[in-house]
Amino acid sequence: MKEFFQVLDIDTVLAFKTRFPKVESEVVQLDQALGRVLADNIVAGGDIPGFNRATMDGFAVQAASTFGASEQNPAYLTIAGSVNMGQAPGFSIGPGQAARIATGGMLPPGADCVVMVEHTDTIDDSTVEIHRSQAPGQNMVAGNEDVSKGQRVLAKGRRLRPQEIGILAACGYGELMVYRRPRVGIISTGDEVVPIDTVPEPGRIRDINSHALAALLRDNGAEPVFYGIVGDSYRDLFAHCRKALVESDMVLISGGSSVGMRDLTLDALQALEQSRILVHGISIRPGKPTILAQCGSKAFWGLPGHVASAMVVFMVVVRPFLEHLCGQTAIPPLRVSARLTRNLVSVQGRVGFVRVRLVHQDGEYWAEPILGQSGLIHTMVEADGLVAIDMNCEGLEKGELVEVRLI
């Protein structure tokens, strides 16, 4: 029977990620850049919006011309002209003058604020009555208020969301340099595993893990590559591992990492060229029998066969490696505070990750543990997050405030 190497804590395992290089970069069009990771800093070539711009319909004025104005004591200003949308005004504003302007229009030189139309009355074609005092900068944005020329707008390593796509468009970036999507191979193992389009015979189960892991990979910016299901054959497993290693940037094997006579993953990984086992056992529950091998410059993972275990290990341990591979700056998982609905007992010596659903009650969140074996996929479906129990803690008490890592 194969024994675990020295079980390592999570932080020690995560420190290994620096041993693996990032993927190469490539140029993509802006409309294809959503979800990609920047490979260069983005610097603004000019001010945005580039001119003083009205944020309300009304009149562009000098604020000093309105000081003291009120309903009972309005200020009377001379209308010097109107601003046409999309055009620079051909006149300026001096003391005691105003210009008609619509939202988005360019303020004439001399104007330093906009009076909302609701606070004005037009007396005739040449005179407007102002009912409220204004401050400089009110109801407008300055020409460099959004972005200044030469400003670093986005940093290398940032994953692009819709809002980043918007600011890149504002800066005129039609194409940009990003890291390519890593190709991550997925291998499922076990004589009992069958394809999802097959009706399982007694004693067999559909290949849940490949598809769940592929979805996690896509959700984190990688391109999953399926290498099929491998039965309990060392020769077949080694051949699949070698092929996946050549064609992928990282490989995930699901199953075959626990201690046992029939577990062949460790043997196959050790036999690969330039292979070194970095981890065989992590102080995490579920997921203790996780393997990490370094094969040349690539990470090769042996994940547990139980689907919940495999997904928890991915979220807690594999994801940071994938972020590093993608060139992405690490982002802590989103967390919310909640109170436990019941006592939780934990095994000391391992960090326990308990699946919970969130319930909002009496103005705060409560975390309701979802109990079940790690081979039950419904426990992940029903979960909103994970609660970590420290490896030196015997458990948590009902009503205790905990942090829920959203999933």
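These legends describe close-up views of a predicted model. Residues are numbered from 1 along each chain as its sequence is written, and side-chain values use heavy atoms, with hydrogens and water left out. Local features need pLDDT of at least 70 and side-chain atom pairs count only at pLDDT 80 or more, while totals for chains, interfaces and linings use all residues.

**View 1. Met177 in strand β13.** Strand β13 spans residues 175–179 and holds Met177. Strands here are DSSP runs of E, at least two residues, numbered from the N terminus. Met177 is partly exposed, with a relative accessible area of 30%. Partly exposed lies between buried (under 20% relative accessible area) and exposed (over 50%), using a 1.4 Å probe and protein chains only.

**View 2. The surroundings of Met177.** Beyond its neighbours within four places in sequence, Met177 contacts Ser25, Glu26, Val27, Leu38, Ala39 and Asp40. Contact means heavy atoms within 4.5 Å. Lys17 lies 160 residues from Met177 in sequence, and their C-alpha atoms are 23 Å apart.

**View 3. Strand β22 and its two partners.** Strand β22 covers residues 298–303. Five of its six residues are buried, so the rest of the structure largely encloses β22. Strand β18 (residues 250–254) runs parallel to β22, joined by five bridges. Strand β21 (residues 291–295) runs antiparallel to β22, also with five bridges. Two strands pair if DSSP finds at least two bridges between them.

**View 4. Residue partners and the hairpin.** Leu252 has Trp301 of β22 as its bridge partner. Ala293 stands opposite Phe300 in β22. The hairpin of β21 and β22 has two residues between the strands. In this hairpin, Gly296 takes a positive phi near 65 degrees.

Methods: Helix = DSSP H or I, 4+ residues; strand = E, 2+ residues; numbered from the N terminus.
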